[in-house]
Amino acid sequence: MPIPLSLHLFIHFILAVLAGLSVGHYFNKAKLGVIAGVVGGFLIDLDHVLEYFFTFGLHFNLPYFLTGRGFLISNKIFLVFHAWEYIPILLIAAWLLRRRKNISIFLLALTFGAMVHMTSDCFLNNYPPRNYSIIYRAAKGFNASLLLSPSQQELNTELKRGLNL
Ligand SMILES: [Zn+2]
């Protein structure tokens, strides 16, 4: 049984602050770390908003949005910000920019926040880690039916019925 969205987001927010704080504290830049941690570990979920508009266009419907299940209609899971592939790219960028201290620390805290976010998503959503690989999702044509487990699909079919979709 999935946990309520508000609790899911609250967990993400707390973990994002802690992830950012730990990196920031290490470099004596706590505030910068927390901001970057929240961007990487919480605002990463803004791709759900993009996905929503992709599916429903500009007809905003709050209940549909809050169910977070635009893919019930589109049957597609893009989630462009959720990808392990960005981690090494961001780490290399942080290293290349190591002389620009603040940018480098920002990138490190953002990266750590994103890693913590996707790891906790695996547990909270009960998805295998490979679902958070954008290459894997692309290989499956971003097709929700190929990415979700049969029991998750069953749950979604029930939700769909409940929402009269
Ligand atoms: Zn997420």
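1. Start with Leu97. With 15 C-beta neighbours inside 10 Å, Leu97 counts as partly exposed. The scale behind that word runs as follows: a residue is buried if 20 or more other C-beta atoms lie within 10 Å of its own, exposed if 12 or fewer, and partly exposed in between, with C-beta atoms placed from the backbone. Leu97 sits in the loop between H6 and H7. Leaving aside residues up to four places away in sequence, Leu97 touches Ile103, Ser104 and Leu107. Touching, or contact, means that the C-beta atoms of two residues, placed from the backbone, lie within 7 Å. Leu97 and Leu107 are ten residues apart in sequence, and their C-alpha atoms are 9.3 Å apart in space.

2. A word on the model. This is a predicted model, in which local features need pLDDT of at least 70, side-chain atom pairs count only at pLDDT 80 or more, and totals for chains, interfaces and linings use all residues. Residues are numbered from 1 along each chain as its sequence is written.

3. Overall make-up. The chain has ten helices and zero strands. Helices (H or I, at least four residues) and strands (E, at least two) are DSSP runs, numbered from the N terminus. The radius of gyration is 17 Å, close to the 15 Å that the globule rule gives for 165 residues, so the chain is as compact as a globular protein of that length. That radius is taken over C-alpha atoms, and the rule is 2.2 Å times the number of residues to the power 0.38. The C-alpha trace spans about 55 × 30 × 30 Å along its principal axes.

4. Burial and contacts. Of the 165 residues, 25% count as buried. Take the contacts between residues at least 6 apart in sequence: 62% of them join residues at least 24 apart.

5. H2 against H7. Helix H2 (residues 30–41) packs on helix H7 (residues 101–124) at an angle of about 45°, with the axes 7 Å apart. Axes here are lines fitted to C-alpha atoms, for helices over the stretch in contact, and angles run from 0 to 180 degrees between N-to-C directions. That makes H2 oblique to H7. The angle classes are these: under 35 degrees is roughly parallel, over 145 roughly antiparallel, 65 to 115 roughly perpendicular, and the rest oblique. H2 passes H7 in a right-handed crossing. A crossing is left-handed if the near helix is turned anticlockwise from the far one by less than a right angle, and right-handed if clockwise. The contact includes Leu32, Gly33 and Ala36 of H2 and Ile105, Phe106 and Ala109 of H7. By class, the contact of H2 with H7 has ten nonpolar, eight polar and no charged residues. Ala, Val, Leu, Ile, Met, Phe, Trp, Tyr, Cys and Pro count as nonpolar, Asp, Glu, Lys and Arg as charged, and the others, Gly among them, as polar.

6. H1 against H7. The axes of helix H1 (residues 5–26) and H7 cross at roughly 145° and come within 8 Å. This crossing of H1 past H7 is right-handed. Among the residues that meet are His8, Ile11 and Leu15 in H1 and Phe112, Val116 and Leu124 in H7. The contact of H1 with H7 divides into eleven nonpolar, seven polar and no charged residues.

7. H6 against H7. Helix H6 (residues 86–96) and H7 have axes that come within 8 Å and cross at roughly 165°. H6 and H7 are therefore roughly antiparallel to each other. Their crossing is left-handed. Residues making the contact include Tyr86, Ile87 and Leu90 of H6 and Ser104, Leu107 and Met115 of H7. By class, the contact of H6 with H7 has eleven nonpolar, two polar and no charged residues.

8. Asp121. This residue lies in helix H7. Asp121 counts as buried, with 21 C-beta neighbours inside 10 Å. Residues up to four places away in sequence aside, Asp121 touches Tyr127 and Tyr132. Asp121 and His12 are 109 residues apart in sequence, yet 8.5 Å apart in space, C-alpha to C-alpha.

9. Two positive phi values. Asn75 is not a glycine, and its phi is positive, near 60°. Asn75 is in the loop between helix H5 (71–74) and H6. With 17 C-beta neighbours inside 10 Å, Asn75 counts as partly exposed. Phe142, also not a glycine, has a positive phi of about 55°. Phe142 is in the loop between helix H8 (134–139) and helix H9 (144–147). Phe142 is partly exposed, with 17 other C-beta atoms within 10 Å.
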